[in-house]
Amino acid sequence: MSERSTRRGFASRPGDAENWIKAPEANARRSEDTSAFSARLTIDVTPALRGRIKVAAFRRGITVADMLRDLLSREFPADPGESS
């Protein structure tokens with residue numbers, strides 16, 4: 001019983017950290033411009049609204065973050081004279 005399992009756990013460390021850090025993003029489904037997203041936005045919503053948002057994203061087959069990014073991009077388009 002005191003023997004440690006050889007099975008890798010959920011939060012196990014990678015064997016070769018350098019290659020793991022330099023590895024390309026695993027989520028290829030996102031668009032190429034997602035590297036531009038470097039700021040986190042936090043908003044307060046009711047639990048009911050949060051649930052509706054999550055259900056809508058699930059039904060569309062996308063993540064909540066991707067759905068909200070698209071919504072915000074449509075609502076607030078980039079100004080042609082503004083640098084990103």
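A salt bridge is a side-chain nitrogen of Lys or Arg within 4 Å of a carboxyl oxygen of Asp or Glu. The exercises below apply to a predicted model.

**Exercise 1. The salt bridge**

Task: Determine which residue forms a salt bridge with R69, and describe the setting of the pair.

Solution: 
- Step 1. The partner of R69 is D66, and their closest N and O atoms are 2.7 Å apart. The cut-off is 4 Å.
- Step 2. Side chains of opposite charge can pair when their charged atoms come close.
- Step 3. Both residues belong to helix α3 (residues 64-75), where a spacing of three residues separates R69 and D66 by about one helical turn.
- Step 4. An α-helix has 3.6 residues a turn, so residues three or four places apart point the same way.
- Step 5. The relative accessibility of R69 is 23%, so this residue counts as partly exposed.
- Step 6. The count under this rule is one salt bridge.

**Exercise 2. The helices and their confidence**

Task: State how many helices and strands the protein chain has, and check the span of α2.

Solution: 
- Step 1. The protein chain contains three helices and zero strands, in the sequence order α-α-α.
- Step 2. Helix α2 has 14 residues and should span 20 Å at 1.5 Å a residue; because its end C-alpha atoms are 20 Å apart, the two values agree.
- Step 3. After α2 comes G61, with a positive phi near 75 degrees.
- Step 4. Mean pLDDT among the elements is highest for α2 (96) and lowest for α1 (66). For the protein chain, the mean is 77, with 56% of residues at 70 or more.

**Exercise 3. Contacts of I53**

Task: Identify which residues I53 touches, leaving out those up to four places away in sequence.

Solution: 
- Step 1. I53 is located in helix α2.
- Step 2. Its contacts are V64, M67 and L68.
- Step 3. For I53 and V64, the separation is 11 residues in sequence and 7.0 Å between C-alpha atoms.

**Exercise 4. The surface**

Solution: 
- Step 1. The loop between α1 (17-22) and α2 (47-60) holds I43.
- Step 2. Together with L41, V45, L68, L71, L72 and F76, I43 makes a nonpolar surface patch of about 670 Å².
- Step 3. The protein chain exposes about 8,700 Å², of which carbon and sulfur atoms supply 54%. Of its 84 residues, 4% count as buried.

Key:
Residues numbered from 1 in each chain as written. Predicted model: local features only at pLDDT ≥ 70, side-chain atom pairs only at ≥ 80, totals over all residues. Heavy atoms only, no water. Helix = DSSP H or I, 4+ residues; strand = E, 2+ residues; numbered from the N terminus. Buried < 20%, exposed > 50% of the residue type's maximum accessible area, 1.4 Å probe, protein only. Areas by Shrake-Rupley, 256 points an atom, 1.4 Å probe, with all protein chains shown as cover. Patch = residues over 30% accessible without salt bridge, like charges linked within 9 Å, V, L, I, M, F, W, Y side chains within 5 Å. Expected span 1.5 Å × (residues − 1). pLDDT = per-residue confidence, 0-100. Contact = heavy atoms within 4.5 Å.
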